[in-house]
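Trainee: I am new to this structure and would like to go through it step by step. Please show me the sequence and the model.

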Amino acid sequence: MQLVVARIGRAHGIRGEVTVEVRTDEPELRLAPGAVLATDPASTGPLTIETGRVHSGNLLLRFEGVTDRNAAEALRNTLLIADVDPDELPEGEDEYYDHQLIDLDVVTKDGAEVGRITEIAHLSSQDLFVVERADGTEVLIPFVAEIVTEIDLEEQRAVIDPPPGLIDDRAEIASPRNEA
């Protein structure tokens, strides 16, 4: 199975290094020197990581055969894809690969059906479940412990405890503005 592990950003310096937006909880395993990664678009790869280092909080990679800024800049926005054994599980107890979460049924703690997870959006602040409802609309659910209370892979469901207004229009107003 193939998993997107990073997206190449801008070139860094003049010797072929690039910044990468990491999309894996295991960069030391997936983005280590010597790793051979498929790419999207496929025409830019496969790419073999020659070196990697952290600079000012950003991961910088250099790939074999990419020796100057122009070659590095040509890779911008390329997705890096690792081959992973489908039976492999993340190391942490409460960690999941995207493919494990896609197609899970989402229900509230009271058992009300919300929809089905169609995508995981990876944002800088948190991950979001993109949930398609029965009527075809989508709702975004923050993947945080306060809201997603249980992931049951055997039952193929995610249980949520949504705050008012997250999945419906009945938001509760804590204090009215025009109180007399």
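Trainee: Where is proline 46 found?

Mentor: This is a predicted model, and the values below are computed from it. The peptide bond from glycine 45 to proline 46 is cis, with omega near 0 degrees. As for its place, proline 46 is found in the loop between S3 and S4.

Trainee: What is omega for the peptide bond from aspartate 40 to proline 41?

Mentor: Proline 41 is also placed in the loop between strand S3 (36–40) and S4. The peptide bond that leads from aspartate 40 to proline 41 is cis, and its omega is near 15 degrees.

Trainee: Which residues is phenylalanine 63 in contact with, leaving aside its neighbours within four places in sequence?

Mentor: With its neighbours within four places in sequence left aside, phenylalanine 63 is in contact with Ile8, Val18, Leu47, Thr48, Ile49, Glu50, Leu75 and Leu80.

Trainee: Is asparagine 77 buried, partly exposed or exposed?

Mentor: Asparagine 77 sits in the loop between helix H2 (69–73) and S6. Its phi is near 70 degrees, a positive value in a residue other than glycine. Exposed means over 50% relative accessible area and buried means under 20%. The relative accessibility of asparagine 77 is 49%, so this residue counts as partly exposed.

Trainee: What is the relative accessible area of glutamine 156?

Mentor: Glutamine 156 is in the loop between strand S11 (148–152) and strand S12 (157–160). Although it is not a glycine, glutamine 156 has a positive phi of about 55 degrees. Glutamine 156 is partly exposed, and its relative accessible area is 35%.

Trainee: How many residues apart in sequence are the parts tied together by glutamate 21 and arginine 7?

Mentor: The side chains of glutamate 21 and arginine 7 meet in a salt bridge (3.0 Å, N to O). Glutamate 21 lies in strand S2 and arginine 7 in strand S1, so the parts that this pair ties together are apart in sequence by 14 residues.

Trainee: How many residues apart are lysine 109 and aspartate 161?

Mentor: Their side chains, those of lysine 109 and aspartate 161, meet in a salt bridge (3.6 Å, N to O). Lysine 109 is in the loop between strand S7 (105–108) and strand S8 (113–122), while aspartate 161 is in the segment after S12.

Trainee: Which residues are linked in a network of salt bridges?

Mentor: The count of salt bridges comes to six. Another pair is arginine 76 and glutamate 73, whose side chains meet at 3.0 Å, N to O. The residues linked in a network are Glu17, Arg53 and Arg62.

Key:
Residues are numbered from 1 along each chain as its sequence is written. This is a predicted model: local features need pLDDT of at least 70, side-chain atom pairs count only at pLDDT 80 or more; totals for chains, interfaces and linings use all residues. Side-chain values use heavy atoms; hydrogens and water are left out. Contact means heavy atoms within 4.5 Å. Helices (H or I, at least four residues) and strands (E, at least two) are DSSP runs, numbered from the N terminus. Buried means under 20% relative accessible area, exposed over 50%, partly exposed in between (1.4 Å probe, protein chains only). A salt bridge is a side-chain nitrogen of Lys or Arg within 4 Å of a carboxyl oxygen of Asp or Glu.
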